[in-house]
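Thanks, everyone, for making the time.

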Amino acid sequence: RTVEPLEYYRRFLKENCRPDGRELGEFRTTTVNIGKCLCSITTADGSALVKLGNTTVICGVKAELAAPAADSANKGYIVPNVELPSLCAERFRSGPPGEEAQAASQFIADVIENSQMIVKEDLCIASGKLAWVLYCDIICLDYDGNLLDASVFALLAALKNVQLPSVTINEETGLSEVNLKQKNPLIIRKHPVATSFAVFDDTLLIVDPTAEEEDLATGTVTIVTDEEGRLCSVHKPGGSPLTGAKLQDCITRAITRHKEVKKLIDKVIKSITPK
Amino acid sequence: PGDTSVLAGLYGPAEAKVSKELPDRAALEVLLRPKVGLPGVLERSREQLLRQTCEAVVLGMLHPRTAITLVLQVLSDAGSLLSCCLNAACMALLDAGLPLAALFCGVTCALQPDGTILLDPTARQEQEARAIFTFAIASSERKVLMTNTKGSCSVEEMQQCLAAAQCAANTIFQFYRDSVRRRYSK
């Protein structure tokens, strides 16, 4: 396995299964923990921990107040930041964020923008004066492949958990008053879910690759769908060429996956909102 | 195309630093410099897209333990920037004479609010569009090497854009052939 990893994998793929016993189209067990009681981050306004097999990603959302930009006076900001600290895998060194982390951050920002998950106008409190800024920090704790899927999922779960305190602007003083007692949940319009595939030898497609599979793959494809079956993003950074039909297969699989994930999120949210 | 212009410079295969060299293939590095400002997260993700696209076509196995560096400087941006970069990168690879498995070209496709498909949108059209796709299409069998989407759309719309992009790819490859012919026939 260590000497000729590609040959080892090829033997399994010929039988239409993978070394860890999964089928080509099967995902690893997904678990998600949301909120302050189950999840670790008590200082964040919203948090979620997602485990996709061994890949562990935690997302914390902090809401702060700021003045909106001059050209878009009624829009707030969402700032996603993906970090791949050196503890999650040996190939990541400490220091400034590497290319993978930056590309992942850009990808998440694109997904939020494309899917209109959070409409920036909803984040505005007083046009031109005050708006919310949501800093979403996505940190990978254990990297075993398929970072993008886990990050998108963690972000979605954390945002559903965010409670924004209501803010009023005092007419006389012009200052803002934050009412921590009265909290409203964030309005999330769409629920995008990412599905990643690894391409082998230009023909074979496997779903949810582990780190080992990603290294051996000749290409990767990530498809983000929302609940109406619309595509929010098709991300295929280079790698072996695919025909349109193969891409279509990926999309169909992604739509099925979306339904599974949505059910999981709804179940978890229902279990933590008793009060 | 149009007013968007990107200057591409390719250096290599050259000696690679020990920390960067790969034992069995050439190490490809892409640097994208925006017109103003320092390269940021957006440039990094574009660099990653370009790098992996180039890695798929360049026969790196023929030049192990070397480094190939591609530097792209944005001279002006009037829409369809990413596909302009892709085309510039491919022509630079051709000009340098690096062994390639296939050629690729970049095509940007914008889906307008009323449903019509527009190829090579200008910056204005990009802003108004509902969704924008950038495809890198390989010369062999017109397969898809790279996709990047902005905005959301339905699956059928994407397939239509892809088909349109594949047709447009033919025009671009013809342009490559003409340019190369012109260069070498002097």
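In chain B of this predicted model, helix α4, which covers residues 155-184, carries both B:F173 and B:Y176, and these two residues sit three residues apart, about one turn of the helix. As a reminder, a pair of aromatic rings is described by the distance of the centres and the angle of the planes. For B:F173 and B:Y176 the ring centres are 5.8 Å apart and the planes stand at 80 degrees, and because an angle over 60 degrees counts as edge-to-face, that is the class this pair receives. As for accessibility, B:F173 is buried because its relative accessible area, 4%, falls under the 20% cut-off, and B:Y176, at 2%, is likewise buried.

Over all chains, the count comes to two aromatic pairs.

Let me now turn to chain A. How many of the residues in strand β9 of chain A are buried? The strand, residues 193-200, is mostly covered, with eight of its eight residues buried. A:V193, A:T195, A:F197 and A:V199 point one way from β9(A), while A:A194, A:S196, A:A198 and A:F200 point the other way. The partner to look at is strand β11 of chain A, residues 219-225, which pairs with β9(A) in the antiparallel sense over seven bridges. Within that pairing, A:A198 stands opposite A:T220 of β11(A).

Methods:
Residues numbered from 1 in each chain as written. Chains lettered and ligands numbered in written order. Predicted model: local features only at pLDDT ≥ 70, side-chain atom pairs only at ≥ 80, totals over all residues. Heavy atoms only, no water. Phe/Tyr/Trp six-rings, centres within 6.5 Å; stacked < 30°, edge-to-face > 60°. Helix = DSSP H or I, 4+ residues; strand = E, 2+ residues; numbered from the N terminus. Buried < 20%, exposed > 50% of the residue type's maximum accessible area, 1.4 Å probe, protein only. Pairing = 2+ DSSP bridges.
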